[in-house]
Structure formats: structure tokens, C-alpha cells
Amino acid sequence: MIIRSYKQTDCEEITAMFYDTVHSINARDYTREQLDVWATGEVDIEEWNGKFLSHYTLVAIEDGVIVGFGDIDDTGYIDKLYVHKDFQHRGIASAICDMLEQSFSGDRITVHASITAKPFFLGRGYIVEKEQTVVRKGVELTNFLMSKKNFLFDE
């Protein structure tokens with residue numbers, strides 16, 4: 001596996017992987033209706049690309065296939081962290097997250113973790129600050145605001 005910086009040419013493959021992953025992996029914790037409003041299949045490529053370019057964004061590649069991606073902004077917010085549905089439990093998310101966390105020089109890293117991702121972040125030392133409900137197109141989804149002190153922060 002190779003982890004490299006995001007390139008604009010990655011965006012379409014990433015958005016397809018995002019849709020497939022949400023609709024298969026997160027199906028154990030969310031209803032079909034919730035999955036459909038979370039990952040609609042209708043993505044504004046320019047918007048996603050712009051966000052990825054403005055954040056520190058990493059892509060994991062294995063045998064020429066994007067198997068994971070993640071990004072963190074300059075406030076320490078991990079916006080997205082997803083692993084291909086066929087490449088789960090291989091350390092990909094941990095490797096990407098390690099690099100995202102190490103890139104941030106502030107004192108606190110945050111994430112809005114899904115029910116599915118919550119155990120992953122708890123295992124990395126994040127704490128749940130609060131459970132919250134997000135409403136998309138009238139459909140409620142539960143997630144968790146989680147945070148972690150950045151021990152790499154030089155006070």
C-alpha cells in the first residue's frame with residue numbers, strides 16, 4: 001500500500017468509493033433511508049475537489065486502486081476518513097489517520113464520527129464530547145463529536 005497526497009484526478013474514484021462504502025459498511029448502523037441521504041450518489045465533484053485541495057488530503061493506493069482516503073483542515077478537524085468496502089480491517093484507516101494527526105500542529109483534533117466509526121476513534125484515544133443528530137433532507141442521522149488532545153502539539 002502506498003499513501004500519497006491527493007490529486008484532482010482522484011476525485012471521481014473517491015466519490016464512487018465513498019458511496020459504495022457508506023451503503024455497505026455503514027448499513028449495519030443506519031437505515032436505508034439514512035444511507036440514501038448521507039451518500040446520495042449525486043456529488044458535486046468541483047466542491048469535493050476544492051475541499052480536498054484546501055485540506056491536507058491523503059489517498060491510499062493498492063494495486064492501482066484507491067482503497068482509502070482522509071482529510072484534515074487547518075483547525076484540526078478530520079472531515080472525511082473512509083476505507084474501501086473490500087479493504088476493511090487492514091490498517092488502512094489507522095495509517096491514514098496517523099499521518100493526518102501527525103500533520104496537525106494545533107492542540108486538539110476533532111471529528112464527527114458515525115456510529116460505525118465511533119469504536120475506531122475511541123480506540124485511538126478520542127473521547128466523545130457529545131452525541132448529536134444531523135438532519136439531511138428531513139432524515140435524522142446520529143453521529144458523535146469526538147476529540148483528542150494532540151500530543152505532538154508544542155505548547
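Analyst: A pocket is found on a 1 Å grid over the protein atoms alone: it is an open set of points where a 1.4 Å probe fits, with protein on both sides within 12 Å along at least five of seven lines, whereas a cavity is a set of points from which the probe cannot get out. Grid points are joined across faces, edges and corners, and a volume is the space filled by probe spheres set on the points. Rolling a probe the size of a water molecule over the atoms shows where empty space is left.

The model is predicted, so local features need pLDDT of at least 70 and side-chain atom pairs count only at pLDDT 80 or more, while totals for chains, interfaces and linings use all residues. Residues are numbered from 1 along each chain as its sequence is written, and side-chain values use heavy atoms, with hydrogens and water left out.

The largest pocket holds about 1200 Å³ of space. Its lining comprises 45 residues, and those closest to its centre are Phe-18, Trp-38, Leu-81, Tyr-82 and Ser-114; a lining residue has an atom within 4 Å of a point. Helices (H or I, at least four residues) and strands (E, at least two) are DSSP runs, numbered from the N terminus. Among the elements that each supply at least two lining residues are α1 (11-25), α3 (45-54), β4 (77-83) and β5 (108-114). The most comes from β4, with six residues. By type, the lining divides into 23 nonpolar, 13 polar and nine charged residues. Here Ala, Val, Leu, Ile, Met, Phe, Trp, Tyr, Cys and Pro count as nonpolar, Asp, Glu, Lys and Arg as charged, and the others, Gly among them, as polar.

Next come the charged pairs. Side chains of opposite charge can pair when their charged atoms come close. A salt bridge is a side-chain nitrogen of Lys or Arg within 4 Å of a carboxyl oxygen of Asp or Glu, and the count comes to eleven. One of them joins Asp-36 to Arg-32, at 3.7 Å from N to O. These two residues are four apart in helix α2 (residues 32-38), and therefore about one helical turn separates them. For accessibility, buried means under 20% relative accessible area, exposed over 50%, and partly exposed in between (1.4 Å probe, protein chains only). Asp-36 is partly exposed at 33%, whereas Arg-32 is exposed at 52%. In another pair, Lys-80 and Asp-79 have their closest N and O atoms 3.4 Å apart, and both residues are buried. Asp-98, Glu-101, Arg-124 and Lys-148 belong to one network of salt bridges that share partners.

Val-67 lies in strand β3 (residues 65-72) and is buried, with 0% relative accessibility. Contact means heavy atoms within 4.5 Å. Not counting residues up to four places away in sequence, Val-67 touches several residues, including Met-17, Tyr-82 and Phe-87. Tyr-82 is also one of the residues closest to the centre of the largest pocket.

Finally, two loop residues deserve mention. Asp-63 has a phi near 50 degrees, a positive value in a residue other than glycine; this residue sits in the loop between β2 (56-62) and β3 and is exposed at 77%. Lys-137 likewise has a positive phi near 50 degrees. Lys-137 belongs to the loop between β6 and β7, where its relative accessible area of 68% makes it exposed.
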